[in-house]
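Subject: Handover of a structure, with notes

Dear colleague,

I am passing on the structure below, together with some notes on its sheets, its helices and the surroundings of its ligand. Please read them with the sequence and the coordinates open beside you.

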Amino acid sequence: MKTKPFTLLVVDDSQALLPHLVRTLGPEDFALRVARSGPEALGLTQEVDGVLLCPGETNPTEAHALLEALTPPAPTSSRPPVLVLSPPEDKALRLAALRRGAELILTPWDEEELRLRLYRSLETYRKWTELHSQVEELRRLAVTDGLTQVHNHRYFQERLREEFRRAQRYDESLSLILVDLDHFKNINDGHGHGAGDRVLREVAASLQHSVRETDLVARYGGEEFAILLPCTHLPGALTVAERVRRGVSDLHAGPEGALRVTASLGVSSFPHRAILTPEQLLLTADEALYRAKREGRDRICL
Ligand code: GH3
Ligand code: MG
Ligand code: MG
Ligand code: MG
């Protein structure tokens, strides 16, 4: 399978080399973009697979400044590789390039060597970015519930412990809401498991809409969700819980939006004299949820 050509940014203020490069590199493997100035080049680096710096005609100060701007030191490989065409006598430029992790190609260059080195360099970067996005995707999958796309149980447990420690150490408040759908079994029994799954996805989206971005929504189990509210005291959590309860009961869910569903909610908050561990925060919310069920469902207890 033919891979798509690499996009190479040629930074060449004189443009003297360009026709030569076009011939050497060939359109099969390289699509060339040209920048005539440093600022123009910096604007384009995110769109290309690599940068070829041809400082031949530029004054040395400019060449150095541009090299530095193109090779920020901190997060490695998140930028395309930079290759520098340098005359052998410009030792300062050669050393600067090596220090900044750029590759050197000495002039006068050999056509085949230039082509191969560019190809390998850009190919390595492309593979690296592909791998990087796969890792990112795996990282996302590892903390996400597959059905509802909110966070999963394991991630919730991790964050619960982390947020609890933080709240203890910095004397902050932390609240937890457990949400359990009412008589959900009836939805499955009456409309099928597929419809039930769809309702779960819609409920999860509704919960996510009812909270702030700094809050954490997770699927705790089957038709039960947990919402962690950092830096939120009990009155704040009750306000959120009411917004969540109403959001769920207002949903027109399932196929054709014909299904209605309600939820029972249990709320707990730290600090509290009886809550000294994350487990106790969880247990307190769970007991509150149980009371909400017993007292008639579609309600909030604490
Ligand atoms: P209650 O008001 O007491 O909570 O009643 P309920 O029917 O919701 O409670 P119960 O815990 O007895 O039943 C939970 C139901 O949730 C049963 C199970 O089939 C359903 N459920 C759990 N996970 C899923 C899922 O991933 N998809 C679907 N469609 N249903 C699920
Ligand atoms: Mg139940
Ligand atoms: Mg239920
Ligand atoms: Mg349940």
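Five strands make up an open sheet in the order β2-β1-β3-β4-β5, with parallel pairing; strands, like helices, are DSSP runs numbered from the N terminus (helices H or I with at least four residues, strands E with at least two), and two strands pair if DSSP finds at least two bridges between them. The edges of this sheet are β2 (30–35) and β5 (103–106), each of which pairs on one side only. On average, neighbouring strands here are turned by 25 degrees against each other, direction ignored.

Before going further, please note that this is a predicted model, in which local features need pLDDT of at least 70 and side-chain atom pairs count only at pLDDT 80 or more, while totals for chains, interfaces and linings use all residues. Residues are numbered from 1 along each chain as its sequence is written, and chains are lettered from A and ligands numbered from 1 in the order in which they are written.

Within the parallel sheet, strand β1 (residues 6–11) is joined to β2 by six bridges, and Leu-9 has Arg-33 in β2 as its bridge partner. β3 and β4 pair over three bridges, in the parallel sense, with Leu-52 partnered by Leu-83 of β4. Four bridges then connect β4 to β5, again running parallel, and there Ser-86 has Leu-106 of β5 as its bridge partner.

Five of its five residues are buried, so β4 is largely enclosed by the rest of the structure; a residue counts as buried if 20 or more other C-beta atoms lie within 10 Å of its own, as exposed if 12 or fewer do, and as partly exposed in between, with C-beta atoms placed from the backbone. In a regular strand the side chains alternate between the two faces of the sheet. In β4, Val-82, Val-84 and Ser-86 point one way and Leu-83 and Leu-85 the other.

Helix α4 (residues 91–99) lies across β4 (82–86) and β5, running at about 170 degrees to β4, where axes are lines fitted to C-alpha atoms (for helices over the stretch in contact) and angles run from 0 to 180 degrees between N-to-C directions. Helix α5 (residues 111–142) lies across β1, β3 (50–53), β4 and β5, at about 145 degrees to β3.

Leu-93 is a residue of α4, and with 21 C-beta neighbours inside 10 Å it counts as buried. Leaving aside residues up to four places away in sequence, Leu-93 touches Pro-55, Pro-60, Ala-63, His-64, Val-84 and Ser-86, contact meaning that the C-beta atoms, placed from the backbone, lie within 7 Å.

A further open sheet of five strands has the order β7-β8-β6-β9-β10, with mixed pairing. β7 (216–221) and β10 (300–301) stand at its edges with a single partner strand each, so one side of each is left without a neighbour in the sheet. Five bridges join β7 to strand β8 (residues 224–230) in the antiparallel sense, and Val-217 has Ile-227 of β8 as its bridge partner. α8 packs on this sheet, touching β6, β7 and β8, and its direction makes about 150 degrees with that of β7. Helix α6 (residues 153–170) lies across β6, β7, β8 and β9 (263–270), at about 130 degrees to β7.

As for the ligand, 16 residues surround ligand 1, the closest being Phe-184, Lys-185, Gly-196, Gly-222 and Glu-223; a residue is included if its C-beta atom, placed from the backbone, lies within 6 Å. The elements that give two or more residues to this shell are β6 (174–181), α7 (184–191) and α8 (193–210), and the largest share, four residues, comes from α8.

For the chain overall, the secondary structure comes to ten helices and ten strands. Its radius of gyration, taken over C-alpha atoms, is 29 Å, well over the 19 Å that the globule rule gives for 302 residues, so the chain is more spread out than a compact globule; the rule is 2.2 Å times the number of residues to the power 0.38. The C-alpha trace spans about 85 × 45 × 25 Å along its principal axes, and buried residues make up 34% of the 302 residues.

With best wishes

Notes: Contact = placed C-beta atoms within 7 Å.
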